[in-house]
Amino acid sequence: MKKIIWLVIPCYNEQEVLPETSRQLEEIMRGLIKKDKISDKSKIAFVNDGSKDNTWNIITDLHEKNPMFTGINLAHNKGHQNALLAGLMTAKDYADAAISLDADLQDDVGVIEQFIDKFNEGKDVVYGVRSTRATDTVFKRSTAHAFYKLMKVMGADTLQDHADYRLMSKRALEGLAKYKEVNLFLRGIVPMIGYETDVVYYERHERFAGESKYPLKKMLSFAVDGITSCSVKPIRMITSLGTLVFTISIVMLIYFLIVWLLGHTVQGWTTIVISLWGIGGLILLSLGIIGEYVGKIYMEVKERPRFIIEKLLYKE
């Protein structure tokens, strides 16, 4: 039986690119249907994330002319990750698998068939990974590599040079639905789900038209969300720092007491120095300990599942 595949594309002020994006995606889907690789019930779903331009009108027009196009209109701008999740959770109820990609045609739509092939081989999650960053500026390339290295150090299970171009099977989407994150970082959450995965390598193109919706400020905010969503290591680093500073304050206490006993200090100097180091260390240590508990509560209220059953052996 041929599988129903949904393409999920978040859109925010994408009126310049949507006509060409829809044309190319329809061509890809028609070709896959002709090859009997996907069902003719497959859809291209555009998620309008509170756009202020003509994006929703274009999506509506596409849907009226061709039922292959589906539109999901969010009541308010919720950000790229939430818009993407909205599309994936809608696709979960209708499709056997969903492929998420950006609307700007930077993700190479020519490899969609490779995603489908790997899904048909039994893969539940297929990641689109950039084979090169030659099209990036030196600044963006270096900061991107630094971000992935930092995420690894922080303990987050992310795939280097993978954004949000991926295929997820129905059961992987059902697993994703169990994660109740408010501050979403799908690149860190999806690897937690498990199941069998694979990779498709592709070259990222220049943006077809319009402007990037991820300026430096948003990228930095996204990086902070990624780290705080997937790891409590920053809190533990504060605890370690507090312990270190407090230890140094004890050493300094002994040192300055010796200096004071030898009569080599200005009156009051020892008290001030010891107070600064001691109190500073205690404050950091206390914040770290409190933060450890807050961090655990923070992770608990996310309601992440403790495990996901991949296979059940059952006989009646």
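Reader: How many aromatic pairs does the structure hold, and what makes two rings a pair?
Author: The structure holds four of them. Rings of Phe, Tyr and Trp (its six-membered ring) pair if their centres lie within 6.5 Å; planes under 30 degrees apart count as stacked, over 60 as edge-to-face, and the rest as tilted. Mind that this is a predicted model: local features need pLDDT of at least 70, side-chain atom pairs count only at pLDDT 80 or more, and totals for chains, interfaces and linings use all residues. Residues are numbered from 1 along each chain as its sequence is written, and side-chain values use heavy atoms, leaving out hydrogens and water.

Reader: Why is the pair of Phe115 and Tyr165 called tilted?
Author: Their centres are 4.9 Å apart and their planes make 45°. Helices (H or I, at least four residues) and strands (E, at least two) are DSSP runs, numbered from the N terminus.

Reader: And what makes Tyr165 and Tyr202 edge-to-face?
Author: Here the planes stand at 85°, with 5.1 Å centre to centre. That angle is over 60 degrees, so edge-to-face is the label. Tyr202 belongs to strand β7 (residues 197-202) and Tyr165 to β6, so the pair ties together parts 37 residues apart in sequence. Phe115, Tyr165 and Tyr202 form one aromatic cluster. Phe115 and Tyr165 are both buried, and Tyr202 is buried too.

Reader: How do you know that the charged end of Arg171 sits over the ring of Tyr195?
Author: The rule asks for NZ of Lys or CZ of Arg within 6 Å of the ring centre and within 35 degrees of the ring normal. In Arg171, the charged end is 4.2 Å from the centre of the Tyr195 ring, and it is listed as sitting over that ring.

Reader: Why is Ser22 called buried?
Author: Its relative accessible area is 4%. Buried means under 20%, exposed over 50%, and partly exposed in between (1.4 Å probe, protein chains only), so Ser22 qualifies as buried. Ser22 lies in helix α1. Leaving aside neighbours within four places in sequence, Ser22 is in contact (heavy atoms within 4.5 Å) with Phe46, Leu62 and Phe69.

Reader: What makes β1 largely enclosed by the rest of the structure?
Author: Seven of its seven residues are buried, so the rest of the structure largely encloses β1. In a regular strand, side chains alternate between the two faces of the sheet. On one side of β1 are Ile5, Leu7, Ile9 and Cys11, on the other Trp6, Val8 and Pro10, all buried.

Reader: How do you know that β1 and β2 pair?
Author: Strands pair if DSSP finds at least two bridges between them. β1 and β2 have six, in the parallel sense, so they pass. Leu7 stands opposite Ile44 in β2. β1 also pairs with β4 in the parallel sense, over four bridges, and Val8 stands opposite Ser100 in β4.

Reader: Which strands are the edges of the sheet, and what makes them edges?
Author: The open sheet has seven strands in the order β3-β2-β1-β4-β6-β5-β7, with mixed pairing. β3 (69-73) and β7 each pair on one side only, which puts them at the edges.
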